[in-house]
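Let us walk through this structure step by step. Keep the 3D view open as you read.

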Amino acid sequence: MRYQTTTGLAADQIQELVARIWQIIQCHENQAWPPTVGLYRAVVITLVYVRQNLNQAAVGDLFGVSQSTVSRIYRGILPLIGQALCLHIPNLKEAIRGRLVLVDGTDVPTGNRAGHEDNFSGKRRRAGLNIQVAADTEGGLLGISAPLPGSMHDRKAFAECDWEDLLAETSVIGDPAYQGTHTITPRKKPQGGELSAGDKVNNKFISSLRSAVERCIAHIKNWKMIATGYRGRLSELPNIIRIITSLEFYRLGW
C-alpha cells in the first residue's frame, strides 16, 4: 500500500525510519506501543496522525483499532521518531553558508486557552505560537526556530530566537515586519509621498524572491498538526514542532 500522500514520506523512507526505531528499542525493556500492533504499522499510524491531524477515533477507524490504541501508539512512537531523526536537523549556521537566506514568521494555531492569553495574535486574530522559518531562494528549508508566544511581532521574535545575531553576517531578505534589523526589506511608501520608480522595481524584485519562503512554509504546514489547530497539551507542543521539523528535513533528504 502507498502511504506517501497520507504520511508525507516515501515507502523507502518509512522503511528506513522503522529500521532505525527498531535499533533504538533493542535497549528498551518495555515495548512503547501495544503488542497487538506491529512496529511498521505503529509508525504509519503515528505519521498519518501527525500529517493529517485527524482525531484519534478517525485514525483508529482507518486502521481497525480503537481510539485508546491510537493514543498509546502516538505517545510511544512519536518520541522514538524524534530520537531516530534528531541528527537530520542541520545546524543553521552550517545550512545557510554561502546562501541568500529568506526569513518569515508563521503561527502554529492552538486555540484560546486559559492562562495563555499571551499567545493570542491580534494580527492573525487567533491564538498560537510564533515560529521563524529560514529558506533558500529555491524554497528549500534551512531552519525553524524555537516557538515563541503568538502575540510576539516577527521583528521581536527574530531577535528573541537569536537569529538576528546568528544571521548578522549573512544576506537575509524579509518582509516589512523585519524593518529595523539588518534584513533586506521592501521600502515603505513615505507618509504623504510616493515610492520612486527604482524603489518600486526593488520592492517587486524582493517580493518575487520572498515567494520561495512562503512556498517553504506551505510545505511545512502540510504537517497539519501544526497547521489546522493543535489540540494536545500545550506544554508538549515545542517538542512536537521539533520532531515535525526533523520529519520535514528527513522528507527533503537532509
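This is a predicted model. Begin with two helices, H3 and H5, which are roughly perpendicular to each other. Their axes cross at roughly 90° and come within 9 Å. Which residues meet there? From H3 come Leu39, Ala42, Val43, Ile45, Thr46, Leu47, Tyr49 and Val50. From H5 come Val70, Ile73, Tyr74, Ile77, Leu78 and Ile81. Of the residues in this contact, 13 are nonpolar, one is polar and none is charged.

Now turn to helix H2, residues 11-25. At 1.5 Å a residue, its 15 residues should span 21 Å. The end C-alpha atoms are 21 Å apart, which agrees. Its buried residues are Gln13, Ile14, Leu17, Val18, Ile21, Ile24 and Ile25. Look down the axis of H2: these residues fall within an arc of 135°, so they line one face of the helix. An α-helix has 3.6 residues a turn, so residues three or four places apart point the same way. The buried residues of H2 pack against helices H1, H3, H5 and H10. On the other side of H2, Asp12 and Gln23 are exposed.

Finally, look at the backbone in two loops. Most residues other than glycine have a negative phi. Asn53 is not a glycine, yet its phi is positive, about 55°. Asn53 sits in the loop between H3 and H4. Is Asn53 buried or exposed? Asn53 is buried, with a relative accessible area of 8%. Arg125 also has a positive phi, near 60°. Arg125 lies in the loop between strands E2 and E3. Arg125 is exposed, with a relative accessible area of 71%.

Terms used. Residues numbered from 1 in each chain as written. Predicted model: local features only at pLDDT ≥ 70, side-chain atom pairs only at ≥ 80, totals over all residues. Heavy atoms only, no water. Helix = DSSP H or I, 4+ residues; strand = E, 2+ residues; numbered from the N terminus. Expected span 1.5 Å × (residues − 1). Buried < 20%, exposed > 50% of the residue type's maximum accessible area, 1.4 Å probe, protein only. Arc of directions from axis to C-beta. Contact = heavy atoms within 4.5 Å. Axes fitted to C-alpha atoms, helices over the stretch in contact; angles between N-to-C directions. Parallel < 35°, antiparallel > 145°, perpendicular 65-115°, else oblique. Nonpolar A, V, L, I, M, F, W, Y, C, P; charged D, E, K, R; others polar.
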